[in-house]
Amino acid sequence: MKISVFAPACLTAFGLTGCLLSGGAASKPGLLRDANSARNATTASAQADSLNDSTDAAMTEPAAPKPGELSPASELMIRTCRNYLAINPQSPKAAEVLNIEASVYYNNHMYDQSRRIYQRILTSHPDAPEALNSVRMIAQSFQEVGNFEEAEQWYRKLKDQAKEGGDKQEAIARIAESIFRMAEKYEEQEKLTEAAAQYERVALEFPESEIADVALFNAGLVYEKLTSWSHAILMYQRLMQKYHEAQLMPKARFRTAKCHAKLHQWDEAGEMYLRVTANHPRHELAPAAMYNAGFSFENGGKLIEAAATFERLAQLYPESEDAADVLFKAGELYGKLKEWESVTRVNTEFSRRFGHDKDRIVQALCMVGVALYMQEKTSEARKQLKEATDTYAHLKNPSTVNKYYAAKARFTLAECDHEAMKEIALQQPRSVYNRKLNRKADLLDKAVKSY
C-alpha cells in the first residue's frame, strides 16, 4: 500500500494577545482623549462597555461552537483586535494585531476569513515581519482544505521571498509536501496517471527532500495499479540508485522483482528476490523473497537454481511456515534432475527434522516414496507410498498438510499403476493376450480409483 508521511499542521500563539486583553490600547492616551471630537470619546466608551459585557459572558460555561462559528472567547479576541485597530489605525503593532485576528479564524478552521486578513497584511504592511508569515499561513490554509495546487503556488512565493535559511528550507519542504499530497488526492480519486506524475515530480524537483524516496516508491505502486510494470521498475530503480540508505530499499527490491515476474522475466525476478535476502536477511520480507526466487527460477526452467534456493530457504529460515514444503519441493526438483545424491541429502534432512512431527509424518513418508518413484524403484516406492496413505487413514484429526501429502501419495500410486499399465504389451496367443488384457484393465481401474 502507499505510504503517507504527514501530520496535521498547528499554529503558534502570539505575544501581543495578553496586551490587547489587558487594555494595551490605552498606551496611546492622546487617541482616546481627543478634545476636538466627542464622537471618539463616545465610541471608546461604547467599546469598553462591549468588552465588559463580553468578559462577563465569558465567565459562564460556554457552549461548544458550531462548525463555522466562533466561540465567545474567540469572538472577544476578534472584537478586541478590531477595537485596537479602530483606535490605533497607524500603530506600529497593526500588522501584529491583524496577524492575531487571522490566527483566531485559522484556529477555528475558518480559512476563507483568515486568508482575507492575511491578504490585508500583505497589501497594507508588505514590509512588516508578519508579511512573510502571512504568505506561509495562506499556503497552509489552502493545504488544510485540500487545495494543494494553490498551496504549492503560495509556498513557492514563500520560497522566493524568504532569505536563505530556515524559512526558505521550510518553503521548499512544503512545496514538496503539497505536490505529494496532490498526488495522494489524485490517487484517492482513481486518477492514477496524474497521481504517478505528481509523485515523480517530488523526486525530480526536490531530490534532496525527506520524502523523495517515499514519493518514488508510491509512484511505483501507482504504476503497478496501472499494470505498467516497466514504469514501476524504473521508479524503484531510481529509488535504489539514489537513496541507498532508505528504509524502503528491501521493499523496493521486492517489488522490482515482482514486476519482473509480471513481465515473465524470470531470471531478473529470481536474482532481485535473492538480493532482498542477501542484503536484508533479517527483514520481514526476506523469507518470502527467497520463496518467490525459487519459483521464479523454476518458471524460468532453471531447476538446479530453484532446488538450491528452496533447500537454502529451509536452512536459513528453519522457523518459516514454508520450511517443510520447500524442502520437499527441493527434493522433487533434484529428483527431476536425477541428482540422487542431493535427493538423498534432502530426504535425510527432511526425515531428521519432520519425520516425527505428527503434523508432517505423512509428508515425510510421501517424500521418500516420491523420491523412490523418480529413481524408477517402483516396487519400493509403492510400499512407501502405501505406508503414507495407511498412516493417514489412522490419524484421528489429520492436519491440512497431512491431507495434502496423503493425496499426493495416492496420486503417485496412480501414476505407478498407470505407467505399469502402459508398459504391458498385448501379445498372441489368445490366452496370453487375454491375461495381459485383464492385467491392463486391473491396473487401469486401480489408477482411476486412486486418481
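1. Thr227 counts as exposed, at 52% relative accessibility (exposed means over 50% relative accessible area, with a 1.4 Å probe and protein chains only). Thr227 sits in the loop between α11 (212–225) and α12 (229–242). Its phi is positive, about 55°, although Thr227 is not a glycine.

2. A note on the basis: this is a predicted model, where local features need pLDDT of at least 70, side-chain atom pairs count only at pLDDT 80 or more, and totals for chains, interfaces and linings use all residues. Residues are numbered from 1 along each chain as its sequence is written, and side-chain values use heavy atoms, without hydrogens and water.

3. His264 also has a positive phi, near 60°, and is not a glycine. Its place is the loop between α13 (249–262) and α14 (266–279). His264 counts as exposed, at 56% relative accessibility.

4. Check the bond from Gln428 to Pro429. This peptide bond is cis, with omega near 10°. Pro429 belongs to the loop between α21 (400–423) and α22 (430–450). Most peptide bonds are trans, and most residues other than glycine have a negative phi.

5. Now the helix pair. The axes of α18 (residues 340–354) and α19 (residues 361–374) come within 10 Å and cross at roughly 165°. That makes α18 roughly antiparallel to α19 (angles over 145 degrees count as such).

6. Residues in α18, including Trp340, Phe350 and Phe354, meet residues in α19, among them Ile361, Met367 and Met374 (contact means heavy atoms within 4.5 Å). By class, the contact has 11 nonpolar, 3 polar and no charged residues.

Key:
Axes fitted to C-alpha atoms, helices over the stretch in contact; angles between N-to-C directions. Helix = DSSP H or I, 4+ residues; strand = E, 2+ residues; numbered from the N terminus. Parallel < 35°, antiparallel > 145°, perpendicular 65-115°, else oblique. Nonpolar A, V, L, I, M, F, W, Y, C, P; charged D, E, K, R; others polar. Buried < 20%, exposed > 50% of the residue type's maximum accessible area, 1.4 Å probe, protein only.
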